Amino acid sequence: MLRYVTTNPGKVREAREYLGDEVSQLDFDYTEIQADDLAPIAARGAREAYRHAGEPVLVDDAGLFVRGFDGFPGPYSAYVEDTIGVEAVRRLVDAELDDRRASFRCVLAYCDGEPFDASPDPIDRDDRVAAAATGAERDDAETEPLPVKLFEGVVRGEIVEARGDGGFGYDPIFEYDGSTFAEMDAAEKNAISHRGRALEKFGVWFAER
Ligand SMILES: O=c1[nH]c(=O)c2ncn([C@@H]3O[C@H](COP(=O)(O)OP(=O)(O)OP(=O)(O)O)[C@@H](O)[C@H]3O)c2[nH]1
């Protein structure tokens, strides 16, 4: 059984659309290290979650990157949502920026304690290098870091006035091709979202493994 590691039920709903009953939620609050990139946070989380669970894990780290704010809130999206809130982010964009472009990014980190074959995909290889280069992600107890495989998905859109009541998090203020993510059902959102794209890459790789 594959454990999808998150405290966020919205992420699990979307993962199940792709991975079905092969996946169950592991509600485990792994340590989120401070980094300006999602990959090392997800990789470090996957190692910690695998040690905790002792079975294959998939960690999902995601965030909203506003172009005119150099990617803020990015890896700090959950903190910013919990503190000033989604509506305040939208107001900040309104007040400060003419350029409303933003992207959602999702990095999935898979760990089952086993090494992986070298990947021919340069994106995956770069991510692995980025993850491996972050000394901070090592546990004190760890001598050899566990291998982690990373999959990234990105979707580009715009920040708009809140519309719709589906989804979660920043979905109401993120517009893609005329609709906000909160106006889409789970299948529509998955077909084009950052998480859907990362899940699709993972699903293909996992099925061939
Ligand atoms: O509108 C959204 N549509 C999405 O599809 C989406 N995916 C992530 N997010 C937001 O980005 C942060 C992730 O933070 P995050 O990866 O640390 O997750 P989290 O704290 O929610 O749970 P956990 O998985 O860490 O337990 C949180 O603010 C989420 O609300 C999204 N917002």
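Where does Pro73 lie? I looked it up in this predicted model. Pro73 is in the loop between E3 and H3.

**Entry: the E3–H3 loop**

I checked the backbone here. The peptide bond from Phe72 to Pro73 is cis, and its omega is near 0°. I noted this because most peptide bonds are trans. I then turned to Asp70, which is found in the loop between E3 and H3. Asp70 is not a glycine, yet its phi is positive, about 50°. Asp70 is also exposed, with a relative accessible area of 77%.

I looked at Arg67 next. Arg67 forms a salt bridge with Asp99, with the closest N and O atoms 3.7 Å apart. Arg67 sits in the loop between strand E3 (57-66) and helix H3 (77-83), and Asp99 in the loop between helix H4 (86-96) and strand E4 (101-111), so the bridge ties together parts 32 residues apart in sequence. Is Arg67 buried or exposed? I found Arg67 exposed, at 53% relative accessibility. Asp99 is partly exposed, with a relative accessible area of 26%.

**Entry: another positive phi**

I looked up Asp177. Its phi is near 50°, a positive value in a residue other than glycine. Most residues other than glycine have a negative phi. Asp177 is found in the loop between strand E6 (174-176) and strand E7 (179-180). I read a relative accessible area of 72% for Asp177, so this residue counts as exposed.

**Entry: salt bridges**

How many salt bridges does a search of the whole structure find? I got 17.

I opened the pair Glu14 and Lys189. Their closest N and O atoms are 2.7 Å apart, and they form a salt bridge. The pair links distant parts of the chain: Glu14 is in helix H1 (residues 9-19) and Lys189 in helix H6 (residues 186-192), 175 residues apart. Glu14 has 5% relative accessibility and counts as buried. Lys189 is buried too, with a relative accessible area of 2%.

I then went to helix H4. Arg90 and Asp94 form a salt bridge, and their closest N and O atoms are 2.3 Å apart. Both residues lie in helix H4, four residues apart, which is about one turn of the helix. Arg90 is buried, with a relative accessible area of 9%. Asp94 is partly exposed, with a relative accessible area of 36%.

Conventions
Residues are numbered from 1 along each chain as its sequence is written. This is a predicted model: local features need pLDDT of at least 70, side-chain atom pairs count only at pLDDT 80 or more; totals for chains, interfaces and linings use all residues. Side-chain values use heavy atoms; hydrogens and water are left out. A salt bridge is a side-chain nitrogen of Lys or Arg within 4 Å of a carboxyl oxygen of Asp or Glu. Helices (H or I, at least four residues) and strands (E, at least two) are DSSP runs, numbered from the N terminus. Buried means under 20% relative accessible area, exposed over 50%, partly exposed in between (1.4 Å probe, protein chains only).
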